[in-house]
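Please keep the sequence and the coordinates in view while reading.

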Amino acid sequence: MPFRSLTDPVDLARAIAAVEEAWVEIRSTSHELLGTEEQERERLKYLVASLVPLALDEKELVARAVERFTGKARRSGVSAGREDEEPLAP
């Protein structure tokens, strides 16, 4: 139950949508999965759930989730963090 900590319906909806969008992005790359598809989707759900409070919007949530999942920063206009946060280690 990765989303049990999300009590706000809006946060829950953002998380579910972000998982789907991030998964499509992850599968569209040559990223090698470490487990079964089901295990990896579950891992992604936990990552997204932990990132919901940090992300300003769904786009940033997806970007952070993909970055954490793959270990690589995305090359897009979405910032990896807020201005007052330390940058994520490569």
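In this predicted model, helices H1 and H3 pack with their axes 9 Å apart and at an angle of about 50°, which makes H1 oblique to H3. The crossing of these two helices is right-handed. The protein as a whole has three helices and zero strands, and its elements run α-α-α from the N terminus on.

**Contact of H1 with H3**

- On the H1 side the contact is made by Arg14, Ala15, Ala17, Ala18, Glu21, Ala22, Trp23, Glu25 and Ile26, which meet Glu58, Leu61, Val62, Ala65, Val66, Phe69 and Thr70 in H3.

**Contact of H1 with H2**

- The axes of H1 and H2 lie 10 Å apart, and the two helices pack at an angle of about 130°, so that H1 is oblique to H2.
- H1 passes H2 in a crossing that is right-handed.
- From H1, the residues Ala15, Ala18, Val19, Glu20, Ala22, Trp23, Ile26 and Arg27 meet Glu37, Glu40, Arg41, Leu44, Lys45 and Val48 of H2.
- This contact of H1 with H2 is made up of eight nonpolar and six charged residues, with no polar ones.

**Contact of H2 with H3**

- Helix H2, which spans residues 37-51, and helix H3, which spans residues 58-70, have axes that come within 9 Å and cross at roughly 130°, and this makes H2 oblique to H3.
- The crossing of H2 and H3 is right-handed.
- H2 contributes Glu40, Arg43, Leu44, Leu47, Val48 and Leu51 to the contact, while H3 contributes Leu61, Arg64, Ala65, Arg68 and Phe69.
- The residues of this contact of H2 with H3 divide into seven nonpolar and four charged, and no polar residue is among them.

**Nonpolar core and burial**

- The largest nonpolar core has 21 residues, of which Phe3, Leu44, Val48, Leu61 and Phe69 touch the most other members.
- Two or more residues of this core come from each of H1 (9-27), H2 and H3, and H1 gives the most, with six residues.
- Of the 90 residues of the protein, 32% count as buried.
- Among contacts between residues at least 6 apart in sequence, 50% join residues at least 24 apart.
- For Leu61, leaving aside its neighbours within four places in sequence, the residues in contact are Arg14, Ala15, Ala18, Val48, Leu51, Val52 and Ala55.

**Phe69 in H3**

- Phe69, which is found in helix H3, counts as buried because its relative accessibility is 3%, below the 20% cut-off for burial.
- Once neighbours within four places in sequence are left aside, Phe69 is in contact with Trp23, Ile26, His31, Leu33, Glu40, Arg43, Leu44 and Leu47.
- Phe69 and His31 stand 38 residues apart in sequence, and the distance between them in space is 9.6 Å, C-alpha to C-alpha.

**Two glutamates of H2**

- Glu40 has its place in helix H2 and, although it is a charged residue, counts as buried because its relative accessibility is 4%.
- Leaving aside neighbours within four places in sequence, Glu40 is in contact with Trp23, Leu33, Leu34, Gly35 and Phe69.
- Glu37 also lies in helix H2, and with a relative accessible area of 43% Glu37 is partly exposed, since that value falls between the 20% limit for buried and the 50% limit for exposed.
- Not counting residues up to four places away in sequence, Glu37 touches Trp23 and Arg27.
- Glu37 and Arg27 are 10 residues apart in sequence, and their C-alpha atoms are 9.9 Å apart in space.

Terms used:
Residues are numbered from 1 along each chain as its sequence is written. This is a predicted model: local features need pLDDT of at least 70, side-chain atom pairs count only at pLDDT 80 or more; totals for chains, interfaces and linings use all residues. Side-chain values use heavy atoms; hydrogens and water are left out. Axes are lines fitted to C-alpha atoms, for helices over the stretch in contact, and angles run from 0 to 180 degrees between N-to-C directions. Helices (H or I, at least four residues) and strands (E, at least two) are DSSP runs, numbered from the N terminus. Angles under 35 degrees count as roughly parallel, over 145 as roughly antiparallel, 65 to 115 as roughly perpendicular and the rest as oblique. A crossing is left-handed if the near helix is turned anticlockwise from the far one by less than a right angle, and right-handed if clockwise. Contact means heavy atoms within 4.5 Å. A nonpolar core is a set of buried Ala, Val, Leu, Ile, Met, Phe, Trp, Tyr and Cys residues joined through side-chain atoms within 4.5 Å. Buried means under 20% relative accessible area, exposed over 50%, partly exposed in between (1.4 Å probe, protein chains only).
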